[in-house]
Amino acid sequence: MGHPEGYTATDILARYKRMRGYNVLHPMGWDAFGLPAEQYALQTGTHPAETTKKNINRFREQLQALGFSYDWQREVSTTDPDYYKWTQWIFLKLFEKGLAYEAEAPVNWCPALGTVLSNEEVVNGRSERGDHPVVRKPMRQWMLKITAYAERLLADLELVDWPESIKEMQRNWIGKSEGAEVDFAIDGLDATLRVYTTRPDTLFGATYMVVAPEHPLLDHLVTDDTRHAVAAYKTAAANKSDLERTELAKGKSGEFTGSYAVNPVNGEKIPVWTSDYVLVSYGTGAIMAVPAHDERDYEFANTFDLPIAEVISGGDISKEAFTGNGVLVNSANTEIDLNGMDVAESKAAITAWLEQKGLGAGKVNYKLRDWLFSRQRYWGEPFPILHVDGKPVAVSADLLPLVPPTVDEYRPSPEGDPPFSRNAEWVNTVDPVSGKPAWRETNTMPQWAGSCWYYLRYIDPQNDQAPVDPEKEKYWMPVDLYVGGAEHAVLHLLYARFWHKVLFDCGVVSHPEPFHRLVNQGMILGEVEITLFRDSEGKPVSDSEVRNRENEFTSERIPESEAVKKGEGFVWKQDENIRLRARAHKMSKSRGNVINPDDVVMKYGADSLRLYEMFMGPLEQVKPWSMKGVEGVYRFLNKVWRLFELPISDSACDADQARLLHGLIKKVTEDVEGLRFNTSIAAMMEFVNAAGKWDSLPREAAERFVLVLSPFAPHLGEELWQRLGNTETLAYVDWPEFDEAVLLMDEVEILVQIKGKPVARIMASPKASPEELISLAKAQPDVAAAIAGKRLVKEIAVPGRLVNLVAV
RNA sequence: GCCCAGGUGGUGGAAUGGCAGACACACGGGACUUAAAAUCCCGAGCCGCAAGGCGUGCGGGUUCGACUCCCGCCCUGGGUACCA
C-alpha cells in the first residue's frame with residue numbers, strides 16, 4: 001500500500017461537499033490484472049483470481065481502517081467478468097472502427113525466464129530479475145491506432161483544468177512537428193527516397209542522405225562493394241537495445257550504401273548512408289542531412305569527413321552547427337531564389353515550390369506511436385477475437401465475457417507462445433458464424449485496458465446492458481476532480497483520454513474529455529538521512545568530493561546530532577571541514593526507509609495519519625516523512641479531546657469568541673475548496689490553542705468546531721459529536737456558515753512607515769479612508785518628529801493595512 | 001541537451017505587491033512530580049553586550065514598498081532523450 005495522501009485529500013473534499021448538500025460520487029476500485037498475482041501463480045500454481053481476491057480484501061480493510069467514506073456499493077474490479085465484459089466490448093468497438101490491428105512488433109523476449117518483459121524490466125539488455133540476456137524478437141502483436149487521435153489529444157488539452165506541467169508533458173509526448181516531405185531520386189535506380197524534414201529551407205545545404213538500418217529500400221541501395229559491410233551494420237544495429245542506440249551511443253556510426261541521391265533543387269549527387277541515428281519509426285525513416293544546420297548531422301559529417309555546406313548565415317560552421325534563425329545564402333536555382341529570406345519565409349517559399357513541382361509537400365508529423373496493446377501473459381483480459389482463414393474476426397458481443405481458459409501452468413508454452421495456448425481445447429474452436437475452424441487469440445490485454453475506463457463504470461457498476469447508462473453518464477460526467485500521482489502523467493492519462501474520445505465518437509459518453517480537473521499529489525519521501533562518506537582508506541571525505549562517483553566511496557548514515565549547519569549545508573561535528581549529505585529519498589524496500597501506514601495507524605490512530613499527511617505541506621509538493629511530525633498532530637488531537645473536557649455552556653459566544661470561530665470557519669471553508677489542507681489544519685490548531693484558555697466552551701462553538709474538524713479527523717469528530725448529545729452521524733449535517741460581519745473589528749492596528757521603514761503603529765477603523773489615515777499618522781508623535789522639516793514626496797495609505805510617507 | 005517543478009530559520013512549512021518566518025517539529029529555560037512520562041508557561045531568523053545592522057539561492061530591474069512581478073544566471077528534484 002502506498003501512502004494514502006491522495007485518498008485522504010479526496011475524502012476530505014468528499015465529506016465537505018456532502019455536508020454542503022452535494023451528491024458526491026466517491027468510489028474505490030481495483031486495477032487487479034497484471035504481474036503480482038501472475039508471479040505468485042507461476043511460483044505456487046495458485047490461480048491468480050484467488051490471490052487477487054485475497055489482496056483486494058486486505059487492501060480494502062486497510063482503506064476502511066483509515067475511515068475513507070467510499071461508496072462501497074460502487075466498488076469495481078477490473079478482473080471481475082462483469083467488468084471486463086465491457087472492457088472487451090470497448091475493444092470490439094475499437095476493432096470495428098479499424099483502430100485495433102495486428103502487426104509484427106519487436107518485444108523483449110527473455111528465453112531464460114520464458115517470458116516477455118516490459119522495457120522497464122530490462123536493464124542494459126539483461127533482465128532486471130535474474131540478470132538473464134534479453135533479445136528483441138518480432139512477435140505478432142495487437143496495436144491500437146492512438147495516432148489517429150493525435151491531433152485531438154493535443155488540441156483538447158485546452159478543454160481541461162490540469163497543471164500546466166502535465167499538459168506540457170503530454171504535448172511533448174505527442175510531439176507535433178510541422179515540415180515537409182521531399183522526394184529524392186536515386187541515381188541509376190528507378191526509385192525515389194522520401195524524407196521528412198522540419199527544415200525544408202535548408203534543402204540547398206543537404207550534402208548526404210541517411211536511411212535507417214531497417215529502411216525497406218536499403219537492400220536495393222547497396223552495391224557489390226558495400227553489401228557485406230552494410231549487412232554487418234544492419235545486424236549490429238538490430239542487436240543493440242534501445243538504450244545502446246541512444247544514451248550509451250556517444251559517437252555516430254554508419255556505413256555508405258554505395259548509392260547516390262539527386263538533390264531535387266540543384267541536381268547535385270549526394271551519397272546515401274545508413275546509420276542508426278535515424279529511426280525507422282519516425283517520419284519516413286530517411287533524412288536529408290544538412291550538417292551545417294543540424295547538430296546530429298554535423299557530428300556525423302565530421303566523423304565520416306563529409307562536406308558541410310552553409311546555407312544560412314549567422315553562425316560559424318567551422319566550429320558548430322548553426323540551428324538558429326538567419327539569412328539564407330547559397331540557395332538559388334534557375335527557378336527559385338531563397339537568398340536573403342529568413343528561415344520562416346524561405347520555408348514557405350520552398351514548400352510551395354516543391355508542391356508545385358510535385359517533388360514534395362508540407363507535412364505534419366507526431367512522435368506519438370501506435371500503442372502496443374498485447375501481452376504474452378495469463379492474467380489479463382482475453383481478446384474477444386477468433387482467427388478464421390488467417391483473418392481476425394470479432395467474437396459476437398453477446399458471447400461476452402470471454403473468460404481466461406484453465407491452464408496446467410501459468411507460463412508460456414515451450415515454443416514461447418502465450419500461456420493461453422496451453423489449453424488447446426480452448427484455443428481451437430469453430431467460428432459460430434461461418435462454421436469454419438478457428439483459433440482463439442492467445443495474447444492478453446495489458447493492465448492499462450481496465451484502468452482506461454473504470455471511472456465510467458463507477459457511475460453504473462451493475463448495468464448488464466451497457467458499460468454505463470447514458471442518463472447517469474450525463475448526470476455525473478466529466479470527473480470533477482482526479483487526484484493521482486505524477487507517474488501517470490503521460491501514459492495512463494493519455495490512454496484513458498484516447499479511449500474516452502473513441503467512446504465519445506461511438507456516442508457512449510457525452511463529453512470529449514473524461515477528467516475535468518486533475519491534481520498531482522507530490523510523492524512522500526522517507527525520513528531525511530544524513531550521510532557521511534569515507535574513501536577506500538576509511539578517511540572521511542566531503543560530499544562535494546563524492547559527486548557522481550558514489551561507488552568509489554563507502555557511506556554511512558549518521559544521527560542528526562552529529563551534524564552541524566554551516567553555510568549552505570551540514571558539516572560533521574567531529575571535523576567541520578567534512579561536509580555531509582542531507583537528503584530524503586524515495587521510499588523503497590531496498591533502502592529500508594518505508595513507512596507503513598498500518599504501523600502508524602496502530603500507534604497513533606487513523607485520524608493522526610490522515611491529519612499528518614495533510615499537514616506536511618501542500619498536496620502537490622514532494623515532502624519528506626517525519627515521525628516527529630506525526631507525534632505533533634497526535635498531540636493536537638489529544639488537545640482537542642481535552643478542550644471538550646471543558647464545561648459546555650449554553651450561553652452564546654462573546655464577541656472575541658465569535659470572531660475566532662467565524663474566522664476559523666471562513667479559513668477552513670476557503671482552504672478546503674482550494675485543497676490547501678495544511679493551512680486549514682494550522683487554523684484549527686490556532687483555534688484550539690486560543691479556546692483552551694476559555695473557562696467554558698459555548699455549545700455553538702463546540703458544535704461548529706467539531707463539524708469543521710470532522711472531514712479531516714472523522715473518528716474523533718463523530719465521537720465528540722456524540723458526546724455533545726447528538727445521536728445521528730454528523731456526515732450529513734450542514735457545513736457551518738460564517739458571517740463576515742462578525743469578523744469586522746472596530747479598530748485595527750495600522751502600520752506607519754516612513755520611506756518603507758516601520759516607525760509607528762496607530763489604531764484606526766478598518767474603514768477609515770486614506771486621507772483620514774494619513775492625517776492620523778502625521779499626528780502620531782514619533783511620526784511627526786520623523787517628518788519634521790522634511791518634504792513629503794508621496795503619501796500612500798492602504799485602508800486597514802498601512803500608511804507609507806515618503807519624506808526627503 | 002531539452003521540457004517541467006522548486007530553492008524562505010536547525011527541520012516541515014506560512015505570507016490578495018503591504019510588519020517575512022503563521023502553524024508544527026526539534027532546541028533552550030521554567031512550573032507540576034520523589035522521579036520520569038504527559039501537560040502547562042516562557043524564549044528563540046542571523047550577527048552584535050548593546051545601539052544597530054543583515055536577512056526569502058545569486059546578480060540586475062520595475063515599484064512609495066518585492067518571497068511575491070520582469071530580465072539574466074546558479075543549484076536541487078522529476079520527466080524525456082539522436083523524433084530530422
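How far is a phosphate oxygen of RNA strand B from an N or O atom in the side chain of S177? The distance is 2.9 Å, in what is a predicted model, where local features need pLDDT of at least 70, side-chain atom pairs count only at pLDDT 80 or more, and totals for chains, interfaces and linings use all residues. Residues are numbered from 1 along each chain as its sequence is written, chains are lettered from A and ligands numbered from 1 in the order in which they are written, and side-chain values use heavy atoms, with hydrogens and water left out.

**Surface near the RNA**
- Around RNA strand B there are 54 residues, of which T198, K252, R296, R547 and N804 come nearest; a residue is near a strand if one of its heavy atoms lies within 4 Å of it.
- By residue type, this surface divides into 21 nonpolar, 13 polar and 20 charged residues, where Asp, Glu, Lys and Arg count as charged and Gly is among the polar ones.
- The helix α22 gives the most to the surface near RNA strand B, with six residues; helices are DSSP runs (H or I, at least four residues) numbered from the N terminus.

- Sugar or phosphate accounts for 66% of the atoms of RNA strand B within 4 Å of the protein, and the rest belong to bases.
- A phosphate oxygen of RNA strand B is 3.2 Å from an N or O atom in the side chain of R583, while a polar side-chain atom of R369 lies 2.9 Å from a base nitrogen.

Methods: Polar contact = N/O pair within 3.5 Å; in protein donor to acceptor, adjacent residues only side chain to side chain. Helix = DSSP H or I, 4+ residues; strand = E, 2+ residues; numbered from the N terminus.
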